[in-house]
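Please consider the model shown below.

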Amino acid sequence: MKILMTVLLALVFTGALTAQTLTKTERKEAVKYIKWCTKELKKSLKGLSEAQLSFKPAADRWSPQDCMYHIAFSEGTLRGALDQALNAPADPKAKAELKATDEEIKAGVVSRTNKVKTAEPFQPENTGYKSLAEAIAAFDGKRAMLIELVKTTNADLCNHIVALPFGKMDAYQFILFIAGHSNRHTQQINEVKTVEGYPGS
């Protein structure tokens with residue numbers, strides 16, 4: 001027993017039993033994906049006139065500016081859920097029960113096959129933003145923080161679990177989900193541009 005305890009203590013003090021951190025590949029891939037999603041969003045909004053930004057395909061549909069308000073608000077709220085998960089204990093047992101792969105998470109969030117009505121606080125008119133510039137600034141700040149987290153955290157992201165109304169995923173997958181969420185609505189912005197009656201430049 002004494003020998004076992006000695007070995008365990010040695011492992012702890014040498015760091016062998018510390019939480020598993022992200023690999024260099026995982027960090028690189030996540031940052032690459034976040035930056036790509038960000039770039040695509042900015043590209044979809046670049047050069048749009050006020051008329052184009054405010055154009056709605058129908059009274060109950062969102063304009064490109066509405067989409068940006070929603071994206072920016074969601075970015076902050078989703079980050080709150082991520083931080084909450086990281087402040088809770090890691091749960092390897094719950095992780096073992098997860099079925100979706102990282103790629104399936106990314107594919108699921110960006111797919112616009114199934115369109116879901118968002119909750120009231122996430123509706124563009126309820127986000128509190130008054131201008132596109134304000135929403136973009138808020139988004140940029142949160143996204144920079146997300147990239148910094150991926151680059152520097154020593155947290156065991158793959159064993160911290162985020163519980164959502166539609167299911168669970170690990171914190172690393174949730175970071176991919178956050179990035180992909182903006183791409184989902186980037187696609188929506190680009191769809192608006194194809195609707196008959198969309199203003200010319």
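How many aromatic pairs does a search of the whole structure find? The search finds six aromatic pairs, where rings of Phe, Tyr and Trp (its six-membered ring) pair if their centres lie within 6.5 Å, with planes under 30 degrees apart counted as stacked, over 60 as edge-to-face and the rest as tilted. This is a predicted model, in which local features need pLDDT of at least 70 and side-chain atom pairs count only at pLDDT 80 or more, while totals for chains, interfaces and linings use all residues. Residues are numbered from 1 along each chain as its sequence is written, and side-chain values use heavy atoms, with hydrogens and water left out.

F55 and Y198 form an edge-to-face pair, 5.7 Å centre to centre with 80° between the planes. This pair links distant parts of the chain, 143 residues apart: F55 lies in the loop between α3 (50–54) and α4, and Y198 in the segment after α8. Helices here are DSSP runs (H or I, at least four residues), as are strands (E, at least two), numbered from the N terminus. Both F55 and Y198 are buried, that is, under 20% relative accessible area, where exposed is over 50% and partly exposed in between (1.4 Å probe, protein chains only).

F174 and F177 form a stacked pair, with 15° between the planes. Because they are three residues apart in helix α8, F174 and F177 are separated by about one helical turn. Both are buried, and F166, F174 and F177 form one aromatic cluster.

P121 lies in the loop between α6 (102–110) and α7 (132–152), and P121 is partly exposed, with a relative accessible area of 44%.
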